[in-house]
Amino acid sequence: SDAQKALSQKSTQPFFGGLSVGVDLVGPVMKMAASWNQLEAMGRVNLLETYFPTFEIGIGETDYVDDSSFISYEVKAPYWRLGCDFNFAKNKTTGNRIFGGFRYGFSVYDYSISAPNVVDPNWGTLVPFEMKDLHGKKHWAELVFGLEAKMWGMVHLGWNFRYKFGLSEKYSHYGKPWYVPGYGENKSGTLGATFNLIFDLNL
C-alpha cells in the first residue's frame with residue numbers, strides 16, 4: 001500500500017519545501033450530525049518534508065436545544081489553532097504523508113442561553129429566562145494523527161483525527177456554554193476530525 005511504501009523508504013529533501021493552504025470539507029456538514037458546524041482554513045510551512053508548522057483559523061457556530069432541559073445555546077465566533085505536524089513516512093518523495101502532531105487552540109466568544117419560562121415565586125407569573133451577550137474564552141490542546149494522499153499535481157487530500165482537552169476556561173456565572181468554537185462540545189475531553197483539501201504551493 002502507499003502507506004507501507006512511505007514508511008519503508010528513506011529520502012533527502014531540501015530544507016524549505018514550500019507552503020500549503022487548505023480548507024476543511026467536514027465542518028459545513030457537521031450541523032446535520034452534531035448540532036454545530038464550522039468553516040475552517042489552514043496554512044502551513046513544509047520543512048524538510050518532515051516538519052509542518054501549521055496555522056488554522058475558522059468560525060464555529062451552534063443553535064442547540066437540549067432535549068431534556070429544553071435549554072438552548074447560541075454562539076458564533078472565530079477560533080485559532082497553532083501547532084506542528086511531523087511526517088513519519090521514510091520515503092519523502094511520494095507526497096503521501098503520515099502525520100502525528102499537536103495544536104494549541106484559542107477562542108474568545110459571546111454566547112446566549114435561554115430556557116422555558118420560569119414561575120416568579122412572589123407573583124406567580126411566568127418570567128422569560130434569556131441571557132444574551134455572555135462572554136467566554138477557552139484555551140485547549142489537541143493531539144493529532146492523520147494521513148495525507150497526493151491526488152494530482154499540487155492537490156492533496158488529508159484526513160486527521162484529534163483528541164482535544166481544555167487548558168483553561170472562563171465563562172459567565174449564568175451558565176457554561178454547551179459548545180466552544182473550534183473545540184466542539186464543551187466537555188473535559190472530546191474528539192474531532194477534519195477532511196482537508198490542500199494545495200501545495202512550491203514557491
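So, contacts. If you take the contacts in this chain with a separation of 6 or more, 64% of them come from residues 24 or more positions apart. Keep in mind that this is a predicted model.

What does the chain consist of? There are two helices and 10 strands.

Now, overall dimensions. The radius of gyration is 21 Å, whereas a compact globule of 203 residues would come out near 17 Å. And if you box up the C-alpha atoms along the principal axes, you get roughly 80 × 30 × 25 Å.

Next, burial and surface. How much of the chain counts as buried? That's 41% of the 203 residues. The accessible surface is about 11,200 Å², and carbon and sulfur atoms contribute 64% of that.

Okay, on to the aromatics, which you can look up on the model as I go. A ring pair is described by two things, the distance of the centres and the angle of the planes. With centres within 6.5 Å as the cut-off, the count here is 10 aromatic pairs.

What lies over its face? That would be Lys138, at 4.6 Å from the ring centre.

Conventions
Residues are numbered from 1 along each chain as its sequence is written. This is a predicted model: local features need pLDDT of at least 70, side-chain atom pairs count only at pLDDT 80 or more; totals for chains, interfaces and linings use all residues. Side-chain values use heavy atoms; hydrogens and water are left out. Rings of Phe, Tyr and Trp (its six-membered ring) pair if their centres lie within 6.5 Å; planes under 30 degrees apart count as stacked, over 60 as edge-to-face and the rest as tilted. A charge sits over a ring if NZ of Lys or CZ of Arg is within 6 Å of the ring centre and within 35 degrees of the ring normal. Helices (H or I, at least four residues) and strands (E, at least two) are DSSP runs, numbered from the N terminus. The radius of gyration is taken over C-alpha atoms; the globule rule is 2.2 Å times the number of residues to the power 0.38. Buried means under 20% relative accessible area, exposed over 50%, partly exposed in between (1.4 Å probe, protein chains only). Contact means heavy atoms within 4.5 Å. Accessible areas come from the Shrake-Rupley method with a 1.4 Å probe; for residues, only the protein chains shown count as cover.
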